[in-house]
Amino acid sequence: MNEALKHIILVTTDSDAVAAFNTYLNPNAVTLSNFASGMGAIQYIKQIGEADLLILEENIKPLGAVQTIHYLIDNMNYSGSILILSDSGVSEIQTDEGAFEVLKKGFDKPD
């Protein structure tokens, strides 16, 4: 019996991050949806539903990661796992919605 594919939504304009994810992930186990803005991801989530993991670039335009998270949780009751992609050097980012782990830009497969 086949398990359902895991679904990751990646919100970034960093083409290197997108390429790395496509290289690191097993296409038989994971589907990756990439968006260049939080607004695109919000619209997609409204249509498709929550992903297993949402990764948001910290300073993505026009909404940053924190604003996107705030909208998803407050307006859509989003409860999926969220990581923030950042080069800030911190391990987590505190928001009104809670603390979110940071995936450092320039990540490699073990990350």
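Tutor: Glu57 is found in strand 3, residues 53-57. Note that this is a predicted model.

Student: Is Glu57 buried or exposed?

Tutor: Glu57 counts as buried, because its relative accessibility is 9% and the cut-off for buried is under 20%.

Student: Which side chain does Glu57 join in a polar contact?

Tutor: That of Lys105, at 3.1 Å.

Student: And what else does Glu57 touch, leaving out residues up to four places away in sequence?

Tutor: Besides Lys105, the residues touched are Val11, Thr12, Thr13, Asp14, Ala65 and Leu85.

Student: Changing topic: how many aromatic pairs are in the whole structure?

Tutor: A search finds three. In one of them, Phe21 and Phe107, the ring centres are 4.9 Å apart and the planes are at 55°, so this pair counts as tilted.

Student: Where do Phe21 and Phe107 sit in the chain?

Tutor: Phe21 is in helix 1 (residues 15-24), and Phe107 is in the segment after strand 6 (98-104). The two are 86 residues apart, so the pair links distant parts of the chain. Both Phe21 and Phe107 are buried.

Student: What about the rings of Tyr24 and Phe107?

Tutor: Their centres are 6.3 Å apart with planes at 70°, which makes the pair edge-to-face. Tyr24 also lies in helix 1, and this pair ties together parts 83 residues apart in sequence.

Student: How accessible is Tyr24?

Tutor: Tyr24 is partly exposed, at 30% relative accessibility. Phe107 has a relative accessible area of 9% and is buried.

Student: Which residues do the ring pairs link into a cluster?

Tutor: Phe21, Tyr24 and Phe107.

Notes:
Residues are numbered from 1 along each chain as its sequence is written. This is a predicted model: local features need pLDDT of at least 70, side-chain atom pairs count only at pLDDT 80 or more; totals for chains, interfaces and linings use all residues. Side-chain values use heavy atoms; hydrogens and water are left out. Rings of Phe, Tyr and Trp (its six-membered ring) pair if their centres lie within 6.5 Å; planes under 30 degrees apart count as stacked, over 60 as edge-to-face and the rest as tilted. Helices (H or I, at least four residues) and strands (E, at least two) are DSSP runs, numbered from the N terminus. Buried means under 20% relative accessible area, exposed over 50%, partly exposed in between (1.4 Å probe, protein chains only). A polar contact is a pair of N or O atoms within 3.5 Å; within protein, one must be able to donate a hydrogen and the other to accept it, and residues adjacent in sequence count only if both atoms are side-chain atoms. Contact means heavy atoms within 4.5 Å.
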